[in-house]
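Thanks for coming. Please have the sequence and the model open.

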Amino acid sequence: MTSLAEQLKRLALPQNDPSLLDRSEVASLMFSGKEAARIDRDTFFAIGCTGLEELMGIDPSFEVFQSSLFSSTSKGLERSVQSKAVNQQLNKNISLFLIHLSPYFMLKPAQKCLEWLIHR
């Protein structure tokens, strides 16, 4: 294999790895592992957004997370190819969200939001 081919192989995006497409079980809070493996990213995103909207009805301060963790651009974000600064900001946003979510953790809308974050 040439040097360039080896470099390109190392740079391959994780979502292009065929082994990731054939998963029999996936981690999930709301579904069994087998059920979760059959659910696509758009469905998990819709579940999370629904949960966030329900939480905003209880506490409007959750709206700040709508433009970061629950934005349509978050669906395509791959952490493994992001810079250290982007990942640090994402970690900060997730930590703030989890702290804010903690009083509501046992509510179904909170679990819907967590389902999206677990999937991503």
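Start with Glu-78 and Arg-41, whose side chains meet in a salt bridge at 3.6 Å, N to O. By salt bridge I mean a side-chain nitrogen of Lys or Arg within 4 Å of a carboxyl oxygen of Asp or Glu. Arg-41 is in helix H4 and Glu-78 is in the loop between H4 and H5, so this pair ties together parts that are 37 residues apart in sequence. Helices here are DSSP runs of H or I with at least four residues, strands are runs of E with at least two, and both are numbered from the N terminus.

Before going on, a word on the source. This is a predicted model, in which local features need pLDDT of at least 70 and side-chain atom pairs count only at pLDDT 80 or more, while totals for chains, interfaces and linings use all residues. Residues are numbered from 1 along each chain as its sequence is written, and side-chain values use heavy atoms, with hydrogens and water left out.

Back to the pair. Is Glu-78 buried or exposed? Glu-78 is buried, with a relative accessible area of 14%. Arg-41, at 31%, counts as partly exposed. The cut-offs are under 20% relative accessible area for buried, over 50% for exposed, and partly exposed in between, with a 1.4 Å probe and protein chains only.

Glu-78 has another partner. Its side chain also meets that of Arg-120 in a salt bridge, at 3.9 Å, N to O. This links distant parts of the chain, as Arg-120 sits in the segment after H6, 42 residues from Glu-78. Shared partners join Arg-41, Glu-78 and Arg-120 into one network of salt bridges. Arg-120 is partly exposed, with 29% relative accessibility.

The structure holds four salt bridges. One of them joins Asp-42 and Lys-75, at 2.9 Å, N to O. Asp-42 lies in helix H4 and Lys-75 in the loop between H4 and H5, so parts 33 residues apart in sequence are tied together by this pair. Both residues are partly exposed: Asp-42 has a relative accessible area of 45%, and Lys-75 has 22%.

Now the overall layout. How many helices and strands does the protein have? There are six helices and zero strands, and along the sequence the pattern reads α-α-α-α-α-α. Of the 120 residues in the protein, 29% are buried. The protein exposes about 7900 Å², with carbon and sulfur atoms supplying 57% of that; the areas come from the Shrake-Rupley method with a 1.4 Å probe, and for residues only the protein chains shown count as cover. Contact means heavy atoms within 4.5 Å. Among contacts between residues at least 6 apart in sequence, 65% join residues at least 24 apart.

Next, the inside. A nonpolar core is a set of buried Ala, Val, Leu, Ile, Met, Phe, Trp, Tyr and Cys residues joined through side-chain atoms within 4.5 Å. The largest one has 21 residues, and those touching the most other members are Leu-52, Phe-62, Phe-70, Phe-97 and Leu-101. Helices H4 (41–58), H5 (84–101) and H6 (108–119) each give two or more residues to this core. H4 gives the most, with six.

Two residues show how the contacts run. Leaving aside neighbours within four places in sequence, Phe-62 is in contact with several residues, including Leu-52, Leu-55, Phe-97 and Tyr-104. Leu-55 is in helix H4 and is buried, with a relative accessible area of 0%. With the neighbours within four places again left aside, the contacts of Leu-55 include Phe-62, Leu-101, Pro-109 and Cys-113. Leu-55 and Leu-107 are 52 residues apart in sequence, yet 9.1 Å apart in space, C-alpha to C-alpha.

Last, helix H6. Its twelve residues should span 16 Å at 1.5 Å a residue, and its end C-alpha atoms are 17 Å apart, which agrees; the expected span is 1.5 Å times one less than the number of residues. The buried residues of H6 pack against H4 and H5. Among them are Lys-112, Trp-116 and Glu-115.

Not counting residues up to four places away in sequence, Glu-115 touches Ala-27, Ser-28, Leu-29, Met-30, Phe-31 and Phe-44.
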